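Work through the exercises below with the model open. Try each task before reading its solution.

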Amino acid sequence: MSITFSEEARCFHLKSRDTSYVIEVIRDRYLVPAYWGSRLSAWNNPSAAPNVERSFSPSVDPEDRTFSLDVLPQEFPSYGAGDFRAPAIQIQQEDGSTITELLYRSHRILPGKPPLEGLPSVYAESDNEAETLQITLVDELIGLEAVLAYTTFRDFDAITRSVTLRNNGRKRLRVLRLLSASYDFSRADLQMLHLSGAWARECHIFRKSLSPGTSSLESRRGASSHQHNPFVALVSPSTDEDTGEVWAMNLVYSGNFLAQAEVDQSGSTRLGIGINPFEFSWDLEPGSTFQSPEAVLIHSNEGLSGMSRRFHSLYRSRLCRGRFRDAERPILINNWEATYFNFDEKRILDLAAEASALGMELLVLDDGWFGQRDDDRSSLGDWTVNSRKLPGGLEALARAVNQKGLAFGLWFEPEMVSVRSQLYEEHPDWCLHVPGRRRSESRGQLVLDLGRKEVREYVVHAVSSILRSVPISYVKWDMNRHHTEVGSAALPPERQKETSHRYILGLYEVLQRITTEFSDVLIEGCSGGGGRFDPGMLAFMPQIWTSDNTDAVSRLRVQYGTSIVYPPVTMGAHVSAVPNHQTKRVTTLAFRAEVAMAGTLGYELDPGKLPVEEKAQIARQVDHYKRIRGLVQFGDFYRLQSPFTGDTAAWMFVSPDRSKAWVSFYQVRFEANQRLPLVRLKGLDPLARYAMCGTNRSFGGDELMEAGVRVTGIDGDFQSRSWLFERVGKFS
Ligand code: DGJ
């Protein structure tokens, strides 16, 4: 890792483990992105292109018609002074004009990585594992300063970027658009890869060729959303899972975002990511600052698989925090699909007893334990126990669960208020709303305005007082609707467009306070499944419920797609009953478990309703998962066969020292007289000998990777096979 500035060449060369990123300072004023790719020993600009005059491309300098911002690559493009492509920043001034021209002023290079004010970010544990470059750009006319921050890492192949704006002028400025990162590629043949979907169908993988014009992904829902993940990658046309180049951006943010790629007239492509400018503005008073979220930039020359492993290792150890960052996650039983709202103390304790007998470690009491909540129409906001269902109270229940050998976990949906609730009766103005307009309900609930201090205090108090008085070691933090009638009673008219971002800042403040006081509590994020599966949430909660769809076949795609960016340990994955509640599909218990074991395993069914043989099977699964859990949760992940392209799927986990591997293969749709499937492994030591556990056979790592493992005995739909390999020596 290093960041250098060459006075002579006027260029910054940022090096992370295997990546170089080069920015040139042209004419002492303009920041130009020169290179982002595999690590280089030095930069002498072999690919420099001469400036040429182009009609309709205005020049900066009347004496030199070839120098135009319209064709010059820009590191941080602004609007209105010659570059017609999508800007990273647009600022409105008091006179109504919206032009900015930010020019290089100075820079400094610091050890370590400063945190971002009010926003989650990737961190460095010590100053010697990261280095940060801060480049100051200034628009003198309006007194605007933009500090572009870049961090490189010793042990990770990532570069993070963010921007801090400061109004040094005497007049108010209005930020209309501020992306966290923008990069101009001098090629137009790239393809865009993204993760999109819907509720119960999150993170499906899409790839398309770019063509002239703009391709964008965005959320206007108040949350990062099920529909689009705040991730975008550009890939070379020939890039595949294991080979070829990838340039990816992922935004550490949980609200409205924009990711866009624009192919321009002269064959370059501008990629950018940041807060969605749609319905956003922020007033910057003189002397005040505005911090953008962080963008994580990953380059891989080992295809998508290399990109994913780079994200995974960074996020596992320098985004996730708290005791559970490095600790194996408990195998849980969740009562949601077992009981829905229909439970009482006895039912929960019976579930706990069954789960404990099968070796599970944590019981999670889901929705319905508070207020008058017998369905999803009431009581959010009234966080006091429902004494009809739980007359002994939460504490007694938690202790009784503990006595059965399980830790106790509890569901909350703290960001919401039900229209039928005491809280709403008392504070009808605490929700997002626009006076005089209808308040659109979703699940009978409205969204609390977390931009307001008193609302944040209420939420922190409500959750913390329960966490203080009940022995709770896990929280499921749910969020089940998107934002409508976005407006805040606490903001003046000219600041209404700040509401969505203020909500997210408020949410992060609430999470920061709760996770600081209760750092030993494992929090699993959830937004109707993966509606907020993003790095912003992962910074506070190292686990997220991947999808409300618990069907194993659907889950293959959701988990495979989610793994493009996020590590398997962050994916909550449960075995549920059949017919599946979302798809009505019937799959074998073994198939369901082998899919769920590729994430953080849990069960969401009533074992008491299963035949004895299935209970015994679950006990064996739990036992097996405990054996492979370290490998799955902290090993390197390799995708082997995609459920998006055929009737099979396969993936594997390899321990960091390559001594162990767990491989699983899934046959989704079986064809009569089909060829016997073959799985070629990856990531092993080619010279090592691996025992196939449970058999008396062993194979060379090279054989397993080159020739592959033949899958036998598959004779129907929804069957799976898995193998554990352990290194037993070397081939000489
Ligand atoms: C949505 C979640 O994704 C489910 O797992 C469950 O917790 C329900 N909410 C409860 O209302």
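**Exercise 1: The ligand**

A polar side-chain atom of N480 lies 3.4 Å from a nitrogen atom of the ligand. This is a predicted model, in which local features need pLDDT of at least 70, side-chain atom pairs count only at pLDDT 80 or more, and totals for chains, interfaces and linings use all residues. Residues are numbered from 1 along each chain as its sequence is written, and side-chain values use heavy atoms, with hydrogens and water left out.

Task: Find which side chains have an N or O atom 2.7 Å from the ligand.

Solution. Step 1: recall that a polar contact is a pair of N or O atoms within 3.5 Å; within protein, one must be able to donate a hydrogen and the other to accept it, and residues adjacent in sequence count only if both atoms are side-chain atoms.
Step 2: the side chain of K476 places an N or O atom 2.7 Å from an oxygen atom of the ligand.
Step 3: for D478, the side-chain N or O atom is 2.7 Å from a nitrogen atom of the ligand.

**Exercise 2: A ring pair**

Task: Classify the pair formed by W282 and F290.

Solution. Step 1: rings of Phe, Tyr and Trp (its six-membered ring) pair if their centres lie within 6.5 Å; planes under 30 degrees apart are stacked, over 60 edge-to-face, and the rest tilted.
Step 2: the structure holds 36 aromatic pairs.
Step 3: the ring centres of W282 and F290 are 5.1 Å apart and the planes stand at 50°, so this pair is tilted.
Step 4: both W282 and F290 are buried (under 20% relative accessible area, exposed being over 50% and partly exposed in between; 1.4 Å probe, protein chains only).

**Exercise 3: Charges over rings**

Task: Find which rings R27 and R639 lie over.

Solution. Step 1: the test is NZ of Lys or CZ of Arg within 6 Å of the ring centre and within 35 degrees of the ring normal.
Step 2: R27 has its charged end over the ring of F67, 3.8 Å from the centre.
Step 3: R639 lies over the face of Y560, 5.7 Å from the ring centre.
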